[in-house]
Amino acid sequence: MFAHSFWTVHDGLIIHHWNLSNYATLFQNPLYVQVLFRTVRMAAAVTILSVLLGYPLAYFLSFRAGPRKELLYQLVIVPLWISYLVRGYAWKTILGSDGVLNGFLQYLHITHGPVSALLYSPFAVVLMLTHIYTPFVFLPIYASLEHIPRPLIEASQDLGASPRQTFFRVILPLSIPGLLAGATFAFVLSLGDFLAPLLVGGPSGTMIANLVQSLFGAAYDWPLGAAISVFILIVTLALLAITQRIEMRWSKRWSLE
Amino acid sequence: MTTAPPTAAPLPSGATLLEVRAVSKQFGARQVLKTLSLEIAAGEFLTLLGESGSGKTTLLRLIAGFEQPTAGEIWMRGTRLDILPPYKRPVNTVFQQYALFPHLNVSENIAYGLHASNTPKNEIAARVNDALDMVRMQEFAAADPARLSGGQQQRVALARALVNRPELLLLDEPLSALDANLRKEMQFELKSLQREVGIAFLFVTHDQEEAMALSDRIALLRDGALEQVASPREIYARPATAYNAQFIGQTNLLRAIIREGVADCGSFQFPYAGKDASALFSLRPEAITLAEDTPQPADPVRFSATIRQQIYSGATELLELETTTGAFLRARIASRKPLSGSHDFVFSVRDAIAVRE
Amino acid sequence: MNSATANSKPRSPVLAAYATIVFAFIYLPIIVLVVYSFNRDGVGGFPPRHFTFDWYRQLFADSAIWDSVLNSLIVAVGAVALSLTLGLLAALALDRADFPGKALFRRLVLLPLILPGIITGLSLLLFAVRLNLELSLITILLGHGTALISVATTEIFAGLQKMDRRQEEASLDLGATPWRTFWLVTLPNLKLSLIAAGLLIFTLSMDEIAVTFFLYGREYTLPLEIWGRLRRGITPEINAISTLILVASIILITVWYHLRTRSLRS
């Protein structure tokens with residue numbers, strides 16, 4: 001794939017002529033740049049929302065759920081195994097003009113006509129991806145919260161820190177590795193997602209991976225598609241490496257058993 | 001942690017600091033602590049001694065605030081303590097596994113409580129320094145807790161608790177994770193530290209030797225109830241029950257029938273003023289000596305026995321004796337040439353302590 | 001040390017409410033999906049009325065769907081075989097052997113788990129093109145098999161770590177060759193891990209769409225078939241098949257979970 005990205009297309013054939021022109025196109029073509037930025041924004045939105053949903057959930061399960069903790073944990077995990085396609089389809093049916101949500105709103109007389117802006121928009125894509133990735137973000141955060149030895153919490157309270165102080169000074173710092181892992185996961189996967197935009201994104205919700213996919217399909221420019229893919233790959237690997245470095249540096253300051 | 005102004009006048013030693021009033025604790029169907037009451041005096045070293053499951057750790061956690069009593073109250077200096085959360089109590093704990101914060105270095109760990117109570121920055125630095133001095137860990141100020149040895153971590157845990165100047169320090173079996181030599185050393189350090197700082201220590205352990213060595217008073221717990229609360233010497237010399245006599249040190253338990261002022265143990269008798277009944281006596285092995293040794297004990301009771309086993313341990317040796325009536329006793333005597341066969345033994349009546357079952 | 005939760009722990013109703021909302025967010029779309037598969041008026045509108053099995057009936061008569069199910073099964077079984085074999089080798093290598101580049105190897109093996117499907121899919125596509133392979137079920141099978149090696153490796157590696165090495169030593173001591181030992185001692189011990197991994201791979205393969213998207217030829221797997229219909233429009237028949245997939249996944253995952261806890265306990 002790496003090799004392909006350096007080649008060009010000419011008259012519907014792939015010429016093995018090494019150059020960087022594909023990469024240049026990626027960065028100079030305003031359409032591509034726009035989509036790229038939009039993708040990054042959307043991936044960021046998904047990440048932030050997933051964390052906002054996932055972290056409190058993990059905290060609740062780990063610290064407040066008591067004996068039902070195990071059961072609730074299973075309940076969070078189960079949706080992960082439900083097909084991506086199935087979940088995407090569900091959102092499609094909900095957000096459509098004559099979808100469930102619109103029907104619901106009209107039933108309650110909150111709106112008087114279908115709101116068509118829900119589906120086929122970046123909003124729908126972000127919503128769907130957040131739905132998919134919240135459990136993914138939950139998992140490592142929960143794991144790292146569970147890993148915190150409970151005597152540390154007691155020690156913190158014993159020394160005079162209120163529950164709020166204990167959270168910010170002990171629990172949160174010690175949960176950062178899990179948080180980082182989950183967020184990276186969500187961001188990287190959202191960045192490269194092409195199915196959600198196809199299902200619910202519409203033309204305004206296209207993401208960069210869709211460009212790649214069409215380049216391998218109808219638009220037939222494999223080298224360019226490869227170039228963009230390589231770019232995505234490099235960004236992904238770079239992000240992974242960075243967060244791993246941060247994680248290691250953070251936990252080198254300490255080690256939990 | 002105390003929110004009272006640091007200028008509150010310290011109680012004169014001996015005045016009651018903490019009162020546990022008729023406290024009991026149940027976990028579901030399990031009664032872990034039966035109704036008990038206890039007082040802790042300011043500046044004293046009180047040990048909660050007992051086997052695992054005796055409830056000593058639970059009692060400690062009730063005082064620290066990590067559990068709530070099912071019934072009863074805990075008071076400190078006129079303030080009711082059990083309704084306060086742990087972070088509002090002027091009590092600090094040294095945890096069994098130290099519970100040092102892994103993401104903070106030693107100084108930051110120690111300063112934690114001070115930060116939580118909004119102590120001014122310069123004061124924090126000074127007090128952390130003093131605390132480090134007190135436990136002799138100055139050169140480890142910026143160290144990573146995970147890299148410290150068990151003994152060092154324990155000292156940091158101590159410093160972290162003491163820097164907040166609590167009225168009462170709770171220690172949950174802090175020495176149990178250390179090896180034997182280090183343990184003895186830390187016992188000395190703890191004792192002198194407590195003298196130096198003058199704070200009341202509530203110390204939990206299952207090791208009776210440790211309790212005897214360190215405490216001003218021992219509170220012996222068994223199955224959630226207090227068997228006896230007294231100084232080590234008192235508990236040793238005058239145990240209240242057979243359990244106490246056996247738990248602390250070694251003893252011979254003699255069953256006797258008291259009739260008309262004489263306690264008859266089968267192998268021997270001695271005068272005892274008491275109602276006619278069956279009774280139990282505790283006789284410490286070191287109270288029994290060979291009849292031929294001088295000086296003779298006062299009010300001697302003599303009996304004859306055969307030496308079945310002789311266990312040498314340096315300065316003293318333990319003799320396992322079988323009396324003429326087939327009863328087994330243990331005697332601890334000063335070491336001498338190996339003995340065998342039948343000998344006469346003697347003990348003072350005063351050393352036979354009547355105990356409850 | 002008694003570590004029972006303190007009774008003085010504050011109840012946080014706000015947090016509990018928030019958690020409930022998050023749970024609702026996660027589950028509502030799925031519930032909606034299932035409910036509407038029984039709705040006579042199809043998808044959309046509110047509230048659902050007229051309970052019916054019609055869509056399921058239509059589904060069962062739909063031969064294209066069942067062809068694709070068969071295809072998916074073929075691919076899944078093949079992927080399981082491939083992944084388990086290669087994953088077993090990889091896990092053994094990681095657990096037992098020491099070789100230069102081991103850390104890199106570990107990273108590479110686990111990489112497909114975190115990469116977006118499009119990257120893995122495209123790489124496999126280009127690779128297949130280089131090898132002049134025609135796209136078909138075979139390519140899908142190979143694709144799933146290699147992409148899911150990571151899953152197999154992780155599970156089997158965990159199982160290897162938990163295994164009591166002394167059993168193998170005892171076997172060798174009693175005169176069995178390493179080869180025999182592997183078959184008679186090591187593998188049986190890994191039984192639970194292998195089954196668990198197999199179940200997981202099977203489920204993931206049946207659901208797989210992102211990688212499959214680039215590797216298909218004339219025959220469709222179930223997700224591809226559904227995808228195709230989605231592009232054409234929404235029918236509640238899809239709700240029905242989705243519900244069935246949901247139920248099947250839950251069953252498989254429950255079995256997987258029980259196997260896992262059983263292996264953890266032993």
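**The contact of chain C with chain A**

Chain C puts 47 residues in contact with 54 residues of chain A. Contact means that two C-beta atoms, placed from the backbone, lie within 7 Å. The model is predicted, so to speak of a local feature takes a pLDDT of at least 70 and to count a side-chain atom pair takes 80 or more, while totals for chains, interfaces and linings use all residues. Residues are numbered from 1 along each chain as its sequence is written, and chains are lettered from A and ligands numbered from 1 in the order in which they are written.

Look at the chain C side. Helix 1 (13-36), helix 5, helix 10 (191-207), helix 11 (222-232) and helix 12 (236-265) of chain C each give two or more residues to the side that touches chain A. Helices here are DSSP runs of H or I with at least four residues, strands are runs of E with at least two, and both are numbered from the N terminus. Helix 1 of chain C gives the most, with 13 residues. By class, this side of chain C has 37 nonpolar, nine polar and one charged residues. Nonpolar covers Ala, Val, Leu, Ile, Met, Phe, Trp, Tyr, Cys and Pro; charged covers Asp, Glu, Lys and Arg; the others, Gly among them, count as polar.

Helix 5 (residues 117-130) of chain C has 14 residues. From first C-alpha to last, helix 5 of chain C reaches 20 Å, close to the 20 Å expected at 1.5 Å a residue; the expected span is 1.5 Å times one less than the number of residues. Helix 5 of chain C is mostly covered, with 10 of its 14 residues buried. A residue is buried if 20 or more other C-beta atoms lie within 10 Å of its own, exposed if 12 or fewer, and partly exposed in between, with C-beta atoms placed from the backbone. The buried residues of helix 5 of chain C include C:Gly117, C:Ile118, C:Ile119 and C:Leu126. Just after helix 5 of chain C, C:Asn132 takes a positive phi of about 60°.

Now the partner. Chain A holds 11 helices and two strands. From the N terminus on, its elements run β-β-α-α-α-α-α-α-α-α-α-α-α. Of the 257 residues of chain A, 51% count as buried. Among contacts in chain A with a separation of 6 or more, 71% join residues 24 or more positions apart.

How confident is the model of chain A? The mean pLDDT of chain A is 79, and 82% of the residues score at least 70. pLDDT is the predictor's confidence in each residue, from 0 to 100. Confidence in chain A is lowest in strand 1 (residues 8-10), at a mean of 37, and highest in helix 7, at 93. Over residues 1-13 of chain A, pLDDT stays under 50; the model has 36 contacts beyond four places in sequence for them.

Chain A also meets chain B. That contact takes 19 residues from chain A and 22 residues from chain B. Helix 7 (150-158) and helix 8 (163-191) of chain A each supply at least two residues of the chain A side. Helix 7 of chain A gives the largest share, six residues. By class, the side of chain A that touches chain B has 11 nonpolar, five polar and three charged residues.

Chain B brings in strands. Strand 7 (residues 168-172) of chain B is mostly covered: five of its five residues are buried. B:Leu168, B:Leu170 and B:Asp172 point one way from strand 7 of chain B, and B:Leu169 and B:Leu171 point the other way. Strand 7 of chain B pairs in the parallel sense with strand 6 (residues 91-94) of chain B over four bridges. Pairing requires at least two DSSP bridges between the strands. B:Val91 has B:Leu168 as its bridge partner in strand 7 of chain B. Strand 7 and strand 8 (residues 200-205) of chain B also run parallel, joined by five bridges. There, B:Leu170 stands opposite B:Leu202.

A separate open sheet in chain B has four strands in the order 2-1-4-5, with antiparallel pairing. Strand 2 (30-41) and strand 5 (79-80) of chain B stand at the edges with a single partner strand each, so one side of each is left without a neighbour in the sheet. B:Leu18 lies in strand 1 (residues 16-27) of chain B. B:Leu18 is buried, with 21 other C-beta atoms within 10 Å. Leaving aside neighbours within four places in sequence, B:Leu18 is in contact with B:Ile40, B:Ile63, B:Met76 and B:Leu168.
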